[in-house]
Amino acid sequence: MNYKRIIISILDSLGASKSYTGYDYVVYGMQLMLEDKECVTCITKSLYLDIARHYNTTWNCVEKNIRTVVNSIWDSGSSELLETVFRKSKKKKRPTNKEFFKHLYDYITQIETHMEIPEMQVSMICPISNKYCESLSVFYTKILDTAGRAG
């Protein structure tokens with residue numbers, strides 16, 4: 001599965017701006033997490049260091065720039081997807097970077113386990129209601145179609 005396209009599509013849908021340096025850090029970090037499940041538990045001790053090494057910067061810059069992206073997403077107002085991915089309610093505060101990565105990781109792996117792909121049609125089950133969700137189905141059909149043409 002082309003995780004990079006899925007991660008980028010989700011971040012764009014959440015309102016993340018590609019102009020932030022942390023955007024690339026989040027994409028790369030999520031790819032590492034999805035390739036190696038152990039990264040999920042070692043975000044601050046390992047993941048930041050791997051991202052910093054890849055982008056030739058420090059772990060402090062990685063942490064700060066990711067926090068900027070998380071803040072911008074949380075304040076963007078894309079409430080429906082925020083509620084779905086992060087179970088955000090009006091009272092819930094912004095997640096830490098670790099919580100952000102964990103929720104995004106859980107969401108992507110949930111998508112993967114609920115996908116059925118007959119003839120490039122995707123039937124998505126809402127992770128909250130556990131019922132068929134047409135908007136998620138259309139969204140991920142488009143992602144898979146784009147990934148299939150690129151792959």
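These are my notebook entries on a predicted model of one protein chain.

**Entry 1: the overall build**

I began with the elements of the chain. I found 7 helices and 0 strands. From the N terminus on, the order reads α-α-α-α-α-α-α. Next I looked up burial. Of the chain's 151 residues, 40% count as buried. Residues 24 or more positions apart account for 55% of them.

**Entry 2: the nonpolar core**

Which residues touch the most other members of the largest nonpolar core? I noted L11, V26, M30, M33, I66, L104 and I108, out of 40 residues in that core. Then I checked which helices contribute. At least two residues come from each of α1 (3-14), α2, α3, α4, α5 (79-86) and α6 (97-114). Helix α2 gives the most, with 9 residues.

I108 is then in contact with Y3, I6, I7, I10, M30 and L34. M30 is also on the list of core residues that touch the most other members.

**Entry 3: helix α2**

Helix α2 is mostly covered, with 12 of its 15 residues buried. Among the buried ones are G22, Y23, Y25, V26, M30 and L34.

I also checked the length of α2. At 1.5 Å a residue, its 15 residues should span 21 Å. The end C-alpha atoms are 22 Å apart, which agrees.

**Entry 4: I66**

Next I went to I66, one of the core residues that touch the most other members. I66 is found in helix α4, residues 59-76. Is I66 buried or exposed? I66 counts as buried because its relative accessibility is 0%, and the cut-off for buried is under 20%.

What does I66 touch, not counting residues up to four places away in sequence? I listed G22, Y25, V26, Y48, I51, N97 and F101. Of these, G22, Y25 and V26 are on the list of buried residues of α2. I also looked up one C-alpha distance. I66 and Y20 are 46 residues apart along the chain, and their C-alpha atoms are separated by 8.7 Å.

**Entry 5: aromatic pairs**

How many aromatic pairs does the structure hold? I found 3. One of them joins Y25 and Y55. This pair is tilted, at 5.0 Å centre to centre, with 55 degrees between the planes. Y25 lies in helix α2 (residues 21-35) and Y55 in helix α3 (residues 43-55), so the pair ties together parts that are 30 residues apart in sequence.

I compared cover for the two partners. Y25 counts as buried, at 6% relative accessibility. Y55 counts as partly exposed, at 31%.

Y28 and Y55 form another aromatic pair, and this one is edge-to-face. The centres are 5.8 Å apart, and there are 90 degrees between the planes. Y28 lies in α2 and Y55 in α3, so this pair ties together parts that are 27 residues apart in sequence. Ring pairs link Y25, Y28 and Y55 into a cluster.

**Entry 6: salt bridges**

I searched the whole structure and found 4 salt bridges. I wrote up the following ones.

- K18 and D12 meet through their side chains, at 3.6 Å from N to O. K18 is exposed, with a relative accessible area of 54%. D12 is partly exposed, at 34%.
- R53 and D50 meet at 3.0 Å, N to O. Both are in helix α3, 3 residues apart, so about one helical turn separates them. R53 counts as exposed at 61% relative accessibility, and D50 as partly exposed at 23%.
- R67 and E63 meet at 2.7 Å, N to O. Both lie in helix α4, 4 residues apart, about one turn of the helix. R67 is partly exposed, with a relative accessible area of 31%.

Technical notes: Residues numbered from 1 in each chain as written. Predicted model: local features only at pLDDT ≥ 70, side-chain atom pairs only at ≥ 80, totals over all residues. Heavy atoms only, no water. Buried < 20%, exposed > 50% of the residue type's maximum accessible area, 1.4 Å probe, protein only. Contact = heavy atoms within 4.5 Å. Phe/Tyr/Trp six-rings, centres within 6.5 Å; stacked < 30°, edge-to-face > 60°. Core = buried A, V, L, I, M, F, W, Y, C linked by side-chain atoms within 4.5 Å. Expected span 1.5 Å × (residues − 1).
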